[in-house]
Amino acid sequence: MRKVLLALTVLIVLVSLLPVAFAQFAQLETSDEITVLRGDYGSGTVWLTNAGGFTYKVVSYQRFWVEDSSGSHIEGFTFNISPHVFTDWAPKARKSFSYTIECPSNVSGGTYTLVMRFLAFTPDGSMYILYARIPLHIIQEPLDFGVAEAYVQGRPGASYALNGETIVVFSHVTNMGHRNVSAIGEVSLVKDGRVYFSSNRSLTLLPGDNLIRFEVPVDYDLPPGTYTLHYTIRYEGGTYRYSKDFSVRFGVKLVGISVKSGEVRLNEGNSAYVTVLSERTITLNLTVETYLDGVLVSRSEKPIGLGEGTTVLEVPLPTNVSGAMKSIIKLRFGDRLLGQGDVTYRVLAPPVIKNVSYERISGGEVLFRLVVDNPGDREVDGILVYRIYSDEGILYKDTIEQSIPPGSSEMAVRFEVPIGKTVYYEFTLTAGGESSTVRGRLYIEPPATTTNPYTTTSSPSSTPSTTPSNTTTIVEGDSNATWVILVVLAFLLMAGGAFYYTRKEDKRKRRRVRPKPKRRSPLGRFKPPKPPKFRENRELPKRK
(Lines give C-alpha, C1' and ligand atoms only; values in the text may rest on other atoms or scores of the structure.)
Protein backbone atom coordinates (compact mmCIF):
# COMPACT_ATOMS: atom_id res chain seq x y z
CA MET A 1 0.00 0.00 0.00
CA ARG A 2 2.82 2.36 0.81
CA LYS A 3 4.37 1.61 -2.57
CA VAL A 4 1.10 2.47 -4.32
CA LEU A 5 0.73 5.77 -2.53
CA LEU A 6 4.35 6.62 -3.20
CA ALA A 7 3.90 5.84 -6.87
CA LEU A 8 0.78 8.01 -7.08
CA THR A 9 2.55 10.87 -5.40
CA VAL A 10 5.47 10.71 -7.77
CA LEU A 11 3.04 10.57 -10.68
CA ILE A 12 1.22 13.61 -9.49
CA VAL A 13 4.42 15.56 -9.03
CA LEU A 14 5.60 14.66 -12.50
CA VAL A 15 2.27 15.51 -14.05
CA SER A 16 2.20 18.87 -12.29
CA LEU A 17 5.37 19.74 -14.14
CA LEU A 18 3.66 19.24 -17.48
CA PRO A 19 2.44 22.33 -19.28
CA VAL A 20 -1.09 23.45 -18.51
CA ALA A 21 -1.91 23.40 -22.17
CA PHE A 22 -2.25 19.62 -22.01
CA ALA A 23 -4.97 19.80 -19.26
CA GLN A 24 -8.72 20.21 -19.50
CA PHE A 25 -10.84 22.28 -17.09
CA ALA A 26 -13.80 21.19 -14.93
CA GLN A 27 -15.64 22.36 -11.79
CA LEU A 28 -16.19 21.09 -8.31
CA GLU A 29 -19.33 22.51 -6.80
CA THR A 30 -20.28 23.22 -3.14
CA SER A 31 -23.15 24.69 -1.13
CA ASP A 32 -21.02 25.37 1.92
CA GLU A 33 -19.56 28.67 3.04
CA ILE A 34 -16.59 29.62 5.15
CA THR A 35 -16.87 32.31 7.80
CA VAL A 36 -13.95 33.75 9.69
CA LEU A 37 -13.37 36.76 11.92
CA ARG A 38 -10.75 39.18 10.70
CA GLY A 39 -7.59 38.92 12.72
CA ASP A 40 -8.70 35.50 13.90
CA TYR A 41 -8.84 31.95 12.66
CA GLY A 42 -11.53 29.48 11.88
CA SER A 43 -12.06 25.84 11.01
CA GLY A 44 -14.70 23.59 9.60
CA THR A 45 -15.70 21.07 6.96
CA VAL A 46 -16.55 21.59 3.31
CA TRP A 47 -18.30 19.17 0.98
CA LEU A 48 -17.44 19.19 -2.76
CA THR A 49 -19.44 17.59 -5.58
CA ASN A 50 -17.94 16.24 -8.85
CA ALA A 51 -19.92 18.29 -11.33
CA GLY A 52 -18.28 16.76 -14.42
CA GLY A 53 -19.24 13.62 -16.25
CA PHE A 54 -15.99 11.78 -15.60
CA THR A 55 -14.74 9.52 -12.92
CA TYR A 56 -11.48 10.73 -11.51
CA LYS A 57 -9.03 8.12 -10.43
CA VAL A 58 -6.94 10.62 -8.47
CA VAL A 59 -7.76 14.23 -7.43
CA SER A 60 -5.00 16.25 -5.78
CA TYR A 61 -5.27 19.68 -4.05
CA GLN A 62 -2.70 22.16 -5.34
CA ARG A 63 -3.31 25.66 -3.96
CA PHE A 64 -5.81 28.42 -3.06
CA TRP A 65 -6.23 32.18 -3.30
CA VAL A 66 -8.82 34.73 -2.17
CA GLU A 67 -10.55 37.12 -4.54
CA ASP A 68 -12.71 40.14 -3.85
CA SER A 69 -15.84 41.03 -5.79
CA SER A 70 -13.74 42.54 -8.58
CA GLY A 71 -11.50 39.46 -8.92
CA SER A 72 -8.47 40.97 -7.24
CA HIS A 73 -6.38 38.73 -5.08
CA ILE A 74 -6.28 39.45 -1.35
CA GLU A 75 -3.07 38.48 0.34
CA GLY A 76 -2.42 37.46 3.92
CA PHE A 77 -4.66 34.40 4.28
CA THR A 78 -3.52 31.02 5.46
CA PHE A 79 -5.59 28.00 4.37
CA ASN A 80 -4.92 24.32 5.04
CA ILE A 81 -7.04 21.27 4.24
CA SER A 82 -7.01 17.59 5.02
CA PRO A 83 -6.85 15.29 3.11
CA HIS A 84 -5.06 16.66 0.05
CA VAL A 85 -5.68 13.66 -2.28
CA PHE A 86 -9.01 12.05 -3.21
CA THR A 87 -9.37 8.82 -5.23
CA ASP A 88 -12.12 7.22 -7.25
CA TRP A 89 -14.31 10.29 -7.42
CA ALA A 90 -17.33 9.36 -9.47
CA PRO A 91 -19.63 11.88 -11.20
CA LYS A 92 -22.08 13.62 -8.83
CA ALA A 93 -20.31 12.07 -5.88
CA ARG A 94 -19.36 14.16 -2.84
CA LYS A 95 -16.08 14.36 -1.01
CA SER A 96 -15.35 16.32 2.15
CA PHE A 97 -12.33 17.85 3.73
CA SER A 98 -11.64 19.74 6.94
CA TYR A 99 -9.91 23.07 6.90
CA THR A 100 -8.28 25.74 9.01
CA ILE A 101 -8.08 29.33 7.88
CA GLU A 102 -6.41 32.43 9.25
CA CYS A 103 -7.55 35.91 8.27
CA PRO A 104 -5.36 38.99 8.45
CA SER A 105 -6.62 41.86 10.61
CA ASN A 106 -6.32 44.43 7.82
CA VAL A 107 -9.05 42.89 5.73
CA SER A 108 -12.38 44.66 5.72
CA GLY A 109 -15.47 42.73 6.55
CA GLY A 110 -17.49 41.45 3.65
CA THR A 111 -18.00 38.53 1.30
CA TYR A 112 -15.09 37.17 -0.68
CA THR A 113 -14.40 34.04 -2.70
CA LEU A 114 -11.88 31.38 -1.73
CA VAL A 115 -10.74 29.60 -4.90
CA MET A 116 -9.28 26.11 -4.66
CA ARG A 117 -7.36 24.42 -7.49
CA PHE A 118 -7.20 20.62 -7.93
CA LEU A 119 -5.42 18.39 -10.47
CA ALA A 120 -7.37 15.27 -11.51
CA PHE A 121 -6.66 12.16 -13.65
CA THR A 122 -9.16 9.85 -15.23
CA PRO A 123 -8.61 6.06 -15.49
CA ASP A 124 -7.62 6.46 -19.16
CA GLY A 125 -4.87 8.94 -18.20
CA SER A 126 -6.60 12.20 -19.12
CA MET A 127 -5.68 15.16 -16.98
CA TYR A 128 -8.15 17.77 -15.72
CA ILE A 129 -7.73 20.98 -13.74
CA LEU A 130 -10.61 21.36 -11.28
CA TYR A 131 -11.65 24.60 -9.55
CA ALA A 132 -13.80 24.93 -6.43
CA ARG A 133 -15.14 28.40 -5.58
CA ILE A 134 -16.25 28.70 -1.95
CA PRO A 135 -17.97 31.86 -0.54
CA LEU A 136 -15.80 33.36 2.18
CA HIS A 137 -17.43 35.68 4.71
CA ILE A 138 -15.10 37.95 6.60
CA ILE A 139 -16.63 39.18 9.86
CA GLN A 140 -15.34 42.53 10.92
CA GLU A 141 -16.54 42.38 14.58
CA PRO A 142 -16.55 39.40 16.90
CA LEU A 143 -20.03 39.74 18.42
CA ASP A 144 -23.24 38.62 16.83
CA PHE A 145 -26.30 40.01 18.69
CA GLY A 146 -29.44 38.00 18.74
CA VAL A 147 -32.82 39.73 18.99
CA ALA A 148 -33.59 40.83 22.56
CA GLU A 149 -36.91 40.10 24.26
CA ALA A 150 -38.69 41.64 27.29
CA TYR A 151 -41.62 40.28 29.29
CA VAL A 152 -43.36 40.57 32.66
CA GLN A 153 -42.06 37.93 35.04
CA GLY A 154 -44.76 35.41 35.81
CA ARG A 155 -47.04 36.77 33.06
CA PRO A 156 -45.32 36.26 29.68
CA GLY A 157 -47.11 37.94 26.83
CA ALA A 158 -48.68 40.66 29.00
CA SER A 159 -48.57 44.13 27.46
CA TYR A 160 -48.63 45.88 30.84
CA ALA A 161 -46.94 45.51 34.20
CA LEU A 162 -48.40 45.86 37.67
CA ASN A 163 -46.76 47.81 40.45
CA GLY A 164 -44.65 45.41 42.44
CA GLU A 165 -43.92 43.10 39.49
CA THR A 166 -40.64 42.67 37.58
CA ILE A 167 -39.82 43.16 33.89
CA VAL A 168 -37.19 40.80 32.46
CA VAL A 169 -35.14 41.68 29.36
CA PHE A 170 -32.60 39.28 27.80
CA SER A 171 -30.71 38.51 24.62
CA HIS A 172 -28.23 35.98 23.25
CA VAL A 173 -24.85 37.28 22.10
CA THR A 174 -22.53 35.04 20.08
CA ASN A 175 -18.82 35.63 20.30
CA MET A 176 -17.54 34.27 16.97
CA GLY A 177 -13.92 34.76 17.90
CA HIS A 178 -11.64 32.66 19.98
CA ARG A 179 -10.84 35.34 22.58
CA ASN A 180 -13.00 36.86 25.35
CA VAL A 181 -14.64 40.19 24.58
CA SER A 182 -15.40 42.85 27.21
CA ALA A 183 -18.69 44.74 27.01
CA ILE A 184 -21.04 46.86 29.15
CA GLY A 185 -24.74 46.12 29.49
CA GLU A 186 -27.23 48.84 30.45
CA VAL A 187 -30.97 48.89 31.12
CA SER A 188 -33.31 51.78 32.08
CA LEU A 189 -37.03 52.56 32.54
CA VAL A 190 -38.04 56.00 31.29
CA LYS A 191 -41.32 57.96 31.26
CA ASP A 192 -41.73 61.47 29.81
CA GLY A 193 -37.98 61.98 29.81
CA ARG A 194 -37.56 61.01 33.45
CA VAL A 195 -35.49 57.96 34.36
CA TYR A 196 -37.24 55.91 37.05
CA PHE A 197 -34.80 52.99 37.03
CA SER A 198 -31.28 52.48 35.68
CA SER A 199 -28.71 49.71 36.00
CA ASN A 200 -25.48 48.71 34.24
CA ARG A 201 -22.78 46.07 34.63
CA SER A 202 -19.59 44.91 33.00
CA LEU A 203 -19.81 41.81 30.81
CA THR A 204 -17.23 39.27 29.73
CA LEU A 205 -18.41 37.50 26.60
CA LEU A 206 -16.85 34.09 26.12
CA PRO A 207 -16.38 32.45 22.72
CA GLY A 208 -19.66 30.98 21.62
CA ASP A 209 -23.18 31.78 22.87
CA ASN A 210 -23.71 34.14 25.83
CA LEU A 211 -27.02 34.89 27.57
CA ILE A 212 -27.38 38.47 28.88
CA ARG A 213 -30.29 39.05 31.30
CA PHE A 214 -31.51 42.04 33.32
CA GLU A 215 -34.40 42.37 35.79
CA VAL A 216 -36.19 45.71 36.09
CA PRO A 217 -38.37 46.13 39.23
CA VAL A 218 -41.61 48.05 38.85
CA ASP A 219 -41.82 49.77 42.23
CA TYR A 220 -45.09 50.44 44.03
CA ASP A 221 -44.44 54.19 43.98
CA LEU A 222 -44.32 54.37 40.17
CA PRO A 223 -47.29 56.40 38.91
CA PRO A 224 -49.48 54.78 36.27
CA GLY A 225 -48.64 55.44 32.65
CA THR A 226 -46.60 54.21 29.68
CA TYR A 227 -42.89 53.55 30.28
CA THR A 228 -40.15 52.73 27.77
CA LEU A 229 -37.63 50.02 28.55
CA HIS A 230 -34.17 50.69 27.05
CA TYR A 231 -31.64 47.84 26.72
CA THR A 232 -28.11 48.46 25.44
CA ILE A 233 -24.89 46.43 25.02
CA ARG A 234 -21.73 48.39 24.22
CA TYR A 235 -18.29 47.13 23.31
CA GLU A 236 -15.28 48.38 21.35
CA GLY A 237 -16.61 47.22 18.02
CA GLY A 238 -20.15 48.56 18.27
CA THR A 239 -23.43 48.96 20.19
CA TYR A 240 -26.65 46.98 20.29
CA ARG A 241 -29.88 48.75 21.28
CA TYR A 242 -33.37 47.47 22.06
CA SER A 243 -36.49 49.19 23.48
CA LYS A 244 -40.06 48.25 24.31
CA ASP A 245 -43.02 50.13 25.80
CA PHE A 246 -44.87 48.86 28.86
CA SER A 247 -48.03 50.23 30.43
CA VAL A 248 -47.78 50.29 34.22
CA ARG A 249 -50.83 50.18 36.48
CA PHE A 250 -51.60 49.09 40.00
CA GLY A 251 -54.16 46.47 39.05
CA VAL A 252 -56.82 47.46 41.61
CA LYS A 253 -59.79 49.60 40.59
CA LEU A 254 -62.65 50.92 42.72
CA VAL A 255 -65.60 50.27 40.43
CA GLY A 256 -68.49 51.75 42.44
CA ILE A 257 -70.01 52.58 45.84
CA SER A 258 -73.66 52.32 46.94
CA VAL A 259 -75.48 52.79 50.24
CA LYS A 260 -77.75 50.18 51.80
CA SER A 261 -80.38 52.64 53.06
CA GLY A 262 -80.81 56.34 52.45
CA GLU A 263 -82.64 56.86 55.77
CA VAL A 264 -82.06 55.05 59.02
CA ARG A 265 -82.98 55.60 62.63
CA LEU A 266 -80.52 56.62 65.26
CA ASN A 267 -78.16 53.74 66.14
CA GLU A 268 -79.77 51.55 63.48
CA GLY A 269 -77.32 49.61 61.29
CA ASN A 270 -76.39 50.96 57.86
CA SER A 271 -73.71 49.96 55.34
CA ALA A 272 -72.04 50.98 52.12
CA TYR A 273 -71.23 48.44 49.39
CA VAL A 274 -67.84 48.96 47.73
CA THR A 275 -67.14 47.06 44.49
CA VAL A 276 -63.44 46.50 43.75
CA LEU A 277 -61.88 44.88 40.67
CA SER A 278 -58.44 43.39 41.34
CA GLU A 279 -55.93 41.69 39.08
CA ARG A 280 -53.79 40.54 41.98
CA THR A 281 -53.80 39.24 45.54
CA ILE A 282 -52.97 42.10 47.86
CA THR A 283 -53.80 43.72 51.22
CA LEU A 284 -55.04 47.33 51.14
CA ASN A 285 -56.30 49.90 53.66
CA LEU A 286 -59.94 51.01 53.58
CA THR A 287 -60.66 54.41 55.16
CA VAL A 288 -64.15 55.75 55.98
CA GLU A 289 -64.55 59.43 56.95
CA THR A 290 -68.04 60.63 57.88
CA TYR A 291 -69.02 64.30 58.00
CA LEU A 292 -72.06 66.11 59.40
CA ASP A 293 -72.46 69.64 58.02
CA GLY A 294 -68.80 69.61 57.00
CA VAL A 295 -67.57 68.55 60.45
CA LEU A 296 -65.78 65.22 60.83
CA VAL A 297 -67.74 63.05 63.24
CA SER A 298 -66.20 59.63 62.57
CA ARG A 299 -63.08 58.12 60.99
CA SER A 300 -62.12 54.46 60.71
CA GLU A 301 -59.39 52.56 58.89
CA LYS A 302 -58.86 48.83 58.55
CA PRO A 303 -56.88 46.44 56.31
CA ILE A 304 -58.72 44.35 53.74
CA GLY A 305 -57.47 41.41 51.71
CA LEU A 306 -58.29 41.20 48.01
CA GLY A 307 -57.97 38.30 45.61
CA GLU A 308 -58.05 38.24 41.84
CA GLY A 309 -61.45 39.11 40.40
CA THR A 310 -64.36 41.23 41.60
CA THR A 311 -64.91 41.73 45.34
CA VAL A 312 -67.87 43.47 47.02
CA LEU A 313 -67.02 44.88 50.45
CA GLU A 314 -69.69 45.73 53.03
CA VAL A 315 -68.51 48.75 55.01
CA PRO A 316 -70.42 49.77 58.19
CA LEU A 317 -71.48 53.42 58.42
CA PRO A 318 -71.88 55.38 61.68
CA THR A 319 -75.46 56.12 62.81
CA ASN A 320 -74.86 57.37 66.34
CA VAL A 321 -75.32 60.99 65.27
CA SER A 322 -78.49 62.32 63.67
CA GLY A 323 -78.67 64.49 60.59
CA ALA A 324 -77.63 64.46 56.93
CA MET A 325 -74.41 62.39 56.79
CA LYS A 326 -71.75 62.15 54.07
CA SER A 327 -69.24 59.30 54.15
CA ILE A 328 -66.09 59.43 51.99
CA ILE A 329 -64.59 55.98 51.35
CA LYS A 330 -60.94 55.74 50.24
CA LEU A 331 -58.90 52.75 49.08
CA ARG A 332 -55.17 53.10 49.79
CA PHE A 333 -51.95 51.17 49.54
CA GLY A 334 -49.63 52.84 52.00
CA ASP A 335 -49.71 56.52 51.12
CA ARG A 336 -50.94 55.85 47.58
CA LEU A 337 -54.61 56.60 46.89
CA LEU A 338 -56.05 53.97 44.56
CA GLY A 339 -59.63 55.26 44.43
CA GLN A 340 -62.37 56.95 46.42
CA GLY A 341 -66.09 57.66 46.41
CA ASP A 342 -68.80 58.94 48.72
CA VAL A 343 -72.34 58.15 49.83
CA THR A 344 -74.95 60.29 51.59
CA TYR A 345 -77.67 59.17 53.98
CA ARG A 346 -79.86 60.60 56.72
CA VAL A 347 -79.98 59.46 60.32
CA LEU A 348 -83.38 60.12 61.88
CA ALA A 349 -83.37 60.72 65.64
CA PRO A 350 -86.74 60.47 67.46
CA PRO A 351 -87.96 63.22 69.80
CA VAL A 352 -87.06 62.64 73.43
CA ILE A 353 -87.97 64.16 76.77
CA LYS A 354 -84.95 66.18 77.81
CA ASN A 355 -86.19 67.59 81.12
CA VAL A 356 -89.18 67.62 83.47
CA SER A 357 -89.77 70.45 85.92
CA TYR A 358 -92.76 71.35 88.08
CA GLU A 359 -94.05 74.08 90.33
CA ARG A 360 -96.82 74.41 92.86
CA ILE A 361 -99.60 76.66 91.62
CA SER A 362 -101.89 76.74 94.64
CA GLY A 363 -102.85 74.27 97.32
CA GLY A 364 -102.11 70.85 95.92
CA GLU A 365 -102.14 71.90 92.27
CA VAL A 366 -98.84 71.22 90.49
CA LEU A 367 -97.85 72.30 86.94
CA PHE A 368 -95.45 69.97 85.10
CA ARG A 369 -93.36 71.36 82.23
CA LEU A 370 -91.79 68.84 79.84
CA VAL A 371 -88.97 69.98 77.54
CA VAL A 372 -89.02 67.87 74.36
CA ASP A 373 -86.10 67.83 71.87
CA ASN A 374 -86.74 66.89 68.22
CA PRO A 375 -83.31 66.73 66.51
CA GLY A 376 -84.83 66.17 63.08
CA ASP A 377 -85.85 68.81 60.58
CA ARG A 378 -89.46 67.66 60.26
CA GLU A 379 -92.51 67.69 62.50
CA VAL A 380 -93.17 64.33 64.15
CA ASP A 381 -96.41 63.01 65.61
CA GLY A 382 -95.99 61.59 69.08
CA ILE A 383 -97.98 60.18 71.98
CA LEU A 384 -97.36 61.25 75.57
CA VAL A 385 -98.39 58.69 78.19
CA TYR A 386 -98.39 59.89 81.81
CA ARG A 387 -99.06 58.20 85.12
CA ILE A 388 -99.39 60.00 88.47
CA TYR A 389 -99.69 57.73 91.51
CA SER A 390 -99.04 57.43 95.21
CA ASP A 391 -98.62 54.54 97.58
CA GLU A 392 -102.40 54.22 97.77
CA GLY A 393 -102.86 53.84 93.99
CA ILE A 394 -103.00 55.61 90.63
CA LEU A 395 -104.18 59.21 90.69
CA TYR A 396 -104.06 60.06 86.99
CA LYS A 397 -103.35 58.02 83.87
CA ASP A 398 -103.95 59.03 80.24
CA THR A 399 -102.40 59.62 76.81
CA ILE A 400 -102.01 62.83 74.85
CA GLU A 401 -101.42 63.01 71.09
CA GLN A 402 -99.02 65.77 70.22
CA SER A 403 -97.29 67.08 67.07
CA ILE A 404 -93.67 67.80 67.93
CA PRO A 405 -91.97 70.52 65.86
CA PRO A 406 -88.24 70.44 65.02
CA GLY A 407 -85.92 71.68 67.71
CA SER A 408 -86.77 72.20 71.37
CA SER A 409 -90.37 72.63 72.51
CA GLU A 410 -92.32 72.51 75.80
CA MET A 411 -95.38 70.57 76.89
CA ALA A 412 -97.33 71.45 80.08
CA VAL A 413 -99.78 69.37 82.14
CA ARG A 414 -101.49 70.25 85.45
CA PHE A 415 -102.62 67.95 88.24
CA GLU A 416 -104.17 68.21 91.73
CA VAL A 417 -102.08 66.07 94.04
CA PRO A 418 -102.55 65.29 97.74
CA ILE A 419 -100.67 67.35 100.30
CA GLY A 420 -98.41 65.64 102.77
CA LYS A 421 -97.95 62.50 100.71
CA THR A 422 -95.23 61.30 98.34
CA VAL A 423 -96.50 61.41 94.79
CA TYR A 424 -94.76 59.57 91.93
CA TYR A 425 -94.88 60.59 88.28
CA GLU A 426 -93.92 58.90 85.02
CA PHE A 427 -93.95 60.47 81.54
CA THR A 428 -93.31 58.39 78.38
CA LEU A 429 -93.04 59.97 74.93
CA THR A 430 -93.36 57.64 71.92
CA ALA A 431 -92.42 59.14 68.54
CA GLY A 432 -90.56 58.01 65.47
CA GLY A 433 -90.65 54.42 66.62
CA GLU A 434 -88.71 55.17 69.81
CA SER A 435 -89.73 55.86 73.39
CA SER A 436 -88.19 57.98 76.13
CA THR A 437 -89.32 57.88 79.77
CA VAL A 438 -88.73 60.19 82.74
CA ARG A 439 -89.68 59.17 86.28
CA GLY A 440 -89.58 61.01 89.58
CA ARG A 441 -91.42 61.90 92.77
CA LEU A 442 -92.51 64.97 94.68
CA TYR A 443 -93.78 65.82 98.13
CA ILE A 444 -95.89 68.83 99.14
CA GLU A 445 -95.43 69.56 102.82
CA PRO A 446 -98.59 70.56 104.71
CA PRO A 447 -98.68 74.07 106.29
CA ALA A 448 -97.29 74.39 109.87
CA THR A 449 -99.78 74.96 112.86
CA THR A 450 -99.84 78.30 114.93
CA THR A 451 -98.86 78.00 118.66
CA ASN A 452 -98.69 80.52 121.68
CA PRO A 453 -96.19 79.19 124.20
CA TYR A 454 -97.19 81.75 126.95
CA THR A 455 -100.55 83.38 127.82
CA THR A 456 -100.95 86.06 130.51
CA THR A 457 -103.31 88.93 131.35
CA SER A 458 -101.00 90.93 133.55
CA SER A 459 -99.54 93.10 130.84
CA PRO A 460 -100.13 93.28 127.12
CA SER A 461 -96.48 94.04 126.49
CA SER A 462 -95.42 90.84 128.17
CA THR A 463 -97.44 88.62 125.84
CA PRO A 464 -95.16 87.10 123.17
CA SER A 465 -96.63 85.72 119.97
CA THR A 466 -95.38 83.65 117.02
CA THR A 467 -96.39 84.09 113.42
CA PRO A 468 -97.53 80.89 111.80
CA SER A 469 -95.48 79.91 108.74
CA ASN A 470 -96.98 78.01 105.80
CA THR A 471 -94.11 76.26 103.87
CA THR A 472 -94.56 74.13 100.71
CA THR A 473 -91.71 71.77 99.77
CA ILE A 474 -91.51 70.18 96.31
CA VAL A 475 -89.16 67.26 96.09
CA GLU A 476 -88.14 65.55 92.85
CA GLY A 477 -86.78 62.14 93.44
CA ASP A 478 -84.68 62.09 90.31
CA SER A 479 -83.23 65.60 90.61
CA ASN A 480 -80.11 66.71 92.52
CA ALA A 481 -81.76 70.08 93.21
CA THR A 482 -84.28 68.32 95.45
CA TRP A 483 -81.59 67.29 97.88
CA VAL A 484 -80.15 70.77 97.96
CA ILE A 485 -83.58 72.19 98.88
CA LEU A 486 -84.01 69.57 101.60
CA VAL A 487 -80.64 70.42 103.12
CA VAL A 488 -81.42 74.16 103.09
CA LEU A 489 -84.85 73.62 104.69
CA ALA A 490 -83.36 71.34 107.36
CA PHE A 491 -80.78 74.02 108.17
CA LEU A 492 -83.46 76.72 108.43
CA LEU A 493 -85.59 74.54 110.72
CA MET A 494 -82.63 73.85 112.98
CA ALA A 495 -81.74 77.52 113.12
CA GLY A 496 -85.35 78.44 113.94
CA GLY A 497 -85.52 75.80 116.68
CA ALA A 498 -82.28 77.04 118.22
CA PHE A 499 -83.53 80.64 118.20
CA TYR A 500 -86.83 79.60 119.81
CA TYR A 501 -85.11 77.54 122.50
CA THR A 502 -82.75 80.42 123.34
CA ARG A 503 -85.61 82.90 123.83
CA LYS A 504 -87.49 80.43 126.01
CA GLU A 505 -84.50 79.95 128.29
CA ASP A 506 -84.02 83.70 128.57
CA LYS A 507 -87.63 84.16 129.71
CA ARG A 508 -87.27 81.47 132.36
CA LYS A 509 -84.17 83.07 133.76
CA ARG A 510 -85.85 86.51 133.96
CA ARG A 511 -86.93 87.36 137.62
CA ARG A 512 -90.69 87.60 137.97
CA VAL A 513 -92.10 90.44 140.12
CA ARG A 514 -95.04 89.25 142.12
CA PRO A 515 -97.81 91.84 142.95
CA LYS A 516 -98.29 92.88 146.55
CA PRO A 517 -101.13 91.01 148.27
CA LYS A 518 -104.29 92.89 149.12
CA ARG A 519 -105.11 93.73 152.74
CA ARG A 520 -107.57 91.25 154.17
CA SER A 521 -110.07 91.36 157.08
CA PRO A 522 -108.88 89.63 160.17
CA LEU A 523 -112.16 87.86 160.20
CA GLY A 524 -111.26 86.18 157.06
CA ARG A 525 -112.63 86.53 153.66
CA PHE A 526 -116.32 87.26 153.44
CA LYS A 527 -118.36 85.04 151.28
CA PRO A 528 -121.88 86.24 150.53
CA PRO A 529 -124.59 83.67 151.05
CA LYS A 530 -125.94 81.80 148.11
CA PRO A 531 -129.53 82.40 147.22
CA PRO A 532 -131.86 79.51 148.08
CA LYS A 533 -132.91 77.16 145.38
CA PHE A 534 -136.51 76.03 145.11
CA ARG A 535 -137.57 73.03 143.12
CA GLU A 536 -140.72 73.61 141.25
CA ASN A 537 -142.91 70.97 139.75
CA ARG A 538 -144.62 72.36 136.78
CA GLU A 539 -146.93 69.40 136.62
CA LEU A 540 -149.81 68.84 139.04
CA PRO A 541 -149.79 65.68 141.03
CA LYS A 542 -151.89 62.98 139.63
CA ARG A 543 -154.98 61.86 141.39
CA LYS A 544 -154.89 58.56 143.05
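# Exercises on a predicted model

Arg-117 reaches out with its side chain to the side chain of Gln-62, making a polar contact at 2.7 Å. Keep in mind that this is a predicted model.

**Exercise 1.** Find out where Arg-117 sits and whether it counts as buried or exposed.

*Solution.* 
- Step 1: Look for the strand. Arg-117 has its place in β9, which covers residues 110-121.
- Step 2: Check the accessibility. Arg-117 has a relative accessibility of 15%, and the cut-off for buried is under 20%. So Arg-117 counts as buried.
- Step 3: Look around in space. The C-alpha atoms of Arg-117 and Arg-63 are 5.5 Å apart, although 54 residues separate the two in sequence.

**Exercise 2.** Work out how the rings of Phe-25 and Tyr-131 are arranged.

*Solution.* 
- Step 1: Start with the whole structure, where a search turns up 27 aromatic pairs.
- Step 2: Take the pair Phe-25 and Tyr-131. Their ring centres are 6.2 Å apart, and their planes make an angle of 15 degrees.
- Step 3: Apply the cut-off. Planes under 30 degrees apart count as stacked, so this pair is stacked.
- Step 4: Trace the chain. Phe-25 belongs to strand β1 (residues 24-29) and Tyr-131 to strand β10 (residues 127-139), so the pair, 106 residues apart, links distant parts of the chain.
- Step 5: With a relative accessible area of 53%, Phe-25 is exposed.

**Exercise 3.** Describe how β23 and β24 go together.

*Solution.* 
- Step 1: Get the direction. Strands β23 (residues 282-292) and β24 (residues 295-306) run antiparallel, joined by eleven bridges.
- Step 2: Look at the turn. The two strands form a hairpin with two residues between them, and Asp-293 in that turn has a positive phi of about 55 degrees.

How values were computed
Residues numbered from 1 in each chain as written. Predicted model: local features only at pLDDT ≥ 70, side-chain atom pairs only at ≥ 80, totals over all residues. Heavy atoms only, no water. Pairing = 2+ DSSP bridges. Helix = DSSP H or I, 4+ residues; strand = E, 2+ residues; numbered from the N terminus. Buried < 20%, exposed > 50% of the residue type's maximum accessible area, 1.4 Å probe, protein only. Polar contact = N/O pair within 3.5 Å; in protein donor to acceptor, adjacent residues only side chain to side chain. Phe/Tyr/Trp six-rings, centres within 6.5 Å; stacked < 30°, edge-to-face > 60°.
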